[in-house]
Structures are given as structure tokens and as C-alpha cells.
Amino acid sequence: CFAVGPKLFQYVIKVIVQAIQLLYAMLKIDQPSYILLQNPPGLPSIAVAWVACLFWRSKLIIDWHNYGYTIMSLNHGRNHPLVQVAKWYEKLFGRLSDYNLCVTNAMKEDLWVNCNIKAVTLYDKPASYFKETPLELQHHLYMKLAKDYEPFKPRTESVSLNAERTAFTELDEKNGHVIKTRGRPALLISSTSWTEDEDFSVLLKALEDYEQCINEGAKLPSLVCVITGKGPLKDYYNGLINKLHFKHIQICTPWLEAEDYPLLLGSADLGVCLHKSSSGLDLPMKVVDMFGCCLPVCAIYFECLHELVKHDENGLIFRDSNELAEQLKMLFLGFPTLEGKLHNFRKNLRASKQLRWDESWDQTVLPLLGQNK
């Protein structure tokens, strides 16, 4: 009891202090017509924004990306008193908003059925800088990363003194042309915040299976697996990675500069997503960004994932490490010469001509605000 008491007290004090600081900051701004709030995090911001709207006579818009209480439940369990209070709080103050946006049709239905909140679906869309990376820019990025990360360095010494090389590309300084190196590894990318809702052991087990297949003589390329991001479980997984002694797979976990992340996505051969929604109702933003770069994806199954990843059309959905391993082997068989499923997925993504974020906002949100004036 003593262990819980002080922690709970500290949490309550922290929320109260944050609420006072946030309210003070919001009441100092010029009077807004609308206050747009993304949830989560909604404690204490939804209540504070509602109070500020009363003061300003403004309209409150909540953009539901997930439920805060389901994220809390990953640590505390669904029946913890704090989780139950957070659930009650989100439902109550969610109903006090003027407009609601959400990221999936599944969440729209859940908000209506369980919270009596009417929302409009506004799918996350990639920003305009998420796009395929030209070969020259790819080479420049690989050269930059090769300074710090072994997997990007060339595998063999260059025959020509005039060639500038990486593991994936080669620049002939005589004619200035960049080409992809023969026998290059495939570049697999995943991004994460290293939290409990992503189990990276699924990917590591699949890679062990993939390595074993190469050792048994399968015609599969070597892999460079890049896992970007930082978060609480990074050291734990780095420990697991260091225990793996692969001959044909290299794994690195860099922290990329903001401008380099879209360039790397636009250079990769395949994306892997291990995000499992805490509510089962939101979609992984990393896949949205990968699709913006026309990068096919293998993503782990959860209930509403089909609203984004169309299985066998723009990527594949798997349920466990065995299924992911089979998908990796199937997609990379004959790489890079064989134009198989991976090539078709990329073609489908190019042809889909998906909306960008600002276009989606103009089409979905502006009419909603216009009709309610």
C-alpha cells in the first residue's frame, strides 16, 4: 500500500501542475476560433482545452488517434483504478467537444457505440517529403551513414580507384553516374519507439529463420536490417541483437537526423511494421510514411489494419515470426533481378496516387467546419 500511495499521489500532483501550466499558457494566447487537440495524450489536456474554450467561446476539436487509457493499460492492466479513471475521463470530456476526428472507421464506430461521440474519419496521410529517393541522393545518404555504421560500408575493395562505393551503390567519378552494386544486400527497414506495443523478438526470430535458409543453400540476398528510433526498450533489444551471430544479416539501430529518415524510407526495399494497436482501432503512422515513399510493407495483424494495408496488393499481413519469415523468403527470392511480388506492390503504390496530408485535410475537415458555422 505504501509503495502505491506515494506514486499515486505524485501522479495526481503532476497532473494538477500540468493542468495549471497548460491553462495559463492557453489563456495567454490570442482568442482562437477553434482549439484542435490530439488525443492521446488527453490527461489533463482535454479538460484544460475545454475550459479554455469556455473562456474564449471557441470550438473544441478532438483528433482521436487512440485512447490514452488503453496505452496506460499496457503497463497497469485494464482493471487498474488509474486506467478506469482515465477511461471515464476520456469518455466524459470527449462528449463535451464540438467536433471529433478519428483515424479509422473502426474507431469512428467505437466512439459512437461506446461513447456516444460522433466523429469523422480523417486518415493519416504522409507529408509531401515522404517520396521515393533518387539514386544519387540514395548514394549520398549511404556514404553519410557508412561513416558511422558498418552495414553501409562496401563489402569488397573497389577494383577502380575512381569509384566511390557503399554496400548498395557505386559512383563512377569519370562520368558521375551512380549505379546499384551487383550482388548488393536487400535493405529492410523498421521504425519504432521501442515500447511494449511492439514485440521486436518477432522480427529477430524471422531473421534467424531467414539466415538458416541461406546457410542451407537458398538463393536469397544478404540483408541489411535498419531499425530506427529511440525509446525505453532499445537497450533490451540491442542486448538480444548482440547475441545473434549472423553471417548474412547485419542489423543496425541508428538514430537518424529528421531529414534523413524519409530519404532512407525512400531508398529501402521493404518495410516491416510490428506496431500492435493498444486499442485495436488506430493505424501505424510509420506505414503511412512508408506508403508515401512507395515502400511495400509486411505488417503484423490487428483488427483494423486492413483499412491501410491491403494484403497481397500493397504489402503483406503476418501473425507471427514464422509467417514473417516465409514472407521475407518469398519476397526476396531472386533479388534483385527477379521482378516478383515486391515489384508489383511498389507498382500498385505508385499507381494509387494517394492523397497527401494537406489535401486530405482540405477535403475532409474544411467542409465539416464550413457546414457547422
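**Burial, loops and packing**

Me: What is the relative accessible area of Trp-194?
Reply: Trp-194 is buried. Buried means under 20% relative accessible area, exposed over 50%, and partly exposed in between (1.4 Å probe, protein chains only). The relative accessible area of Trp-194 is 1%.

Me: Which atoms do side-chain values use?
Reply: This is a predicted model: local features need pLDDT of at least 70, side-chain atom pairs count only at pLDDT 80 or more, and totals for chains, interfaces and linings use all residues.

Me: How many helices and strands does the chain have?
Reply: Helices (H or I, at least four residues) and strands (E, at least two) are DSSP runs, numbered from the N terminus. The C-alpha atoms of the chain fill a box of roughly 70 × 50 × 35 Å along the principal axes. Within the chain there are 13 strands and 13 helices.

Me: What share of the 373 residues is buried?
Reply: Contacts here are heavy atoms within 4.5 Å. Take those between residues at least 6 apart in sequence: 69% join residues at least 24 apart. Of the 373 residues in the chain, the buried share is 50%.

Me: Where does Trp-194 lie, and what is its phi?
Reply: Trp-194 sits in the loop between β8 (186-191) and α7 (201-215). Most residues other than glycine have a negative phi. Trp-194 is not a glycine, yet its phi is positive, near 50°.

Me: What is the phi of Cys-294?
Reply: Cys-294 is in the loop between α10 (285-292) and β12 (297-300). Cys-294 counts as buried because its relative accessibility is 11%. Cys-294 is not a glycine either, but its phi is positive, about 55°.

Me: How far apart are the end C-alpha atoms of residues 182-330?
Reply: An unreviewed UniProt entry annotates residues 182-330 as "domain: Glycosyl transferase family". UniProt positions are given in the numbering used here, feature names are shortened, and annotations may be inferred rather than shown by experiment. The span is 32% helix and 19% strand. Its end C-alpha atoms are separated by 20 Å.

Me: Which side chain makes a polar contact with the side chain of Asn-100?
Reply: Asn-100 lies in strand β3 (residues 99-102), and it counts as buried because its relative accessibility is 5%. A polar contact is a pair of N or O atoms within 3.5 Å; within protein, one must be able to donate a hydrogen and the other to accept it, and residues adjacent in sequence count only if both atoms are side-chain atoms. At 2.9 Å, the partner side chain of Asn-100 is that of Ser-97.

Me: Which residues does Ser-97 contact, beyond four places in sequence?
Reply: Asn-100, with neighbours up to four places away set aside, touches residues including Ile-62, Trp-64 and Gly-94. For Ser-97, with its neighbours within four places left aside, the contacts are Leu-60 and Ile-62.

Me: Which residue follows α3 with a positive phi?
Reply: Helix α3 (residues 68-76) has buried residues Gly-68, Tyr-69, Thr-70, Met-72 and Ser-73. The residue after α3 has a positive phi, near 90°.

Me: What is the omega of the peptide bond joining Leu-43 and Pro-44?
Reply: Most peptide bonds are trans. The bond from Pro-40 to Pro-41 is cis, with omega near 0°. Pro-41 is in the loop between β1 (34-39) and α2 (45-56), and Pro-44 also lies between β1 and α2. Leu-43 and Pro-44 are joined by a cis bond, with omega about 10°.

Me: Which residues of α12 meet Met-330, Leu-331 and Phe-332 of α11?
Reply: α11 (residues 321-332) and α12 (residues 341-352) pack at about 90°, axes 7 Å apart; axes are lines fitted to C-alpha atoms, for helices over the stretch in contact, and angles run from 0 to 180 degrees between N-to-C directions. So α11 is roughly perpendicular to α12 (under 35 degrees is roughly parallel, over 145 roughly antiparallel, 65 to 115 roughly perpendicular, the rest oblique). Met-330, Leu-331 and Phe-332 meet Lys-341, Leu-342 and Phe-345.

Technical notes. Residues numbered from 1 in each chain as written. Heavy atoms only, no water.
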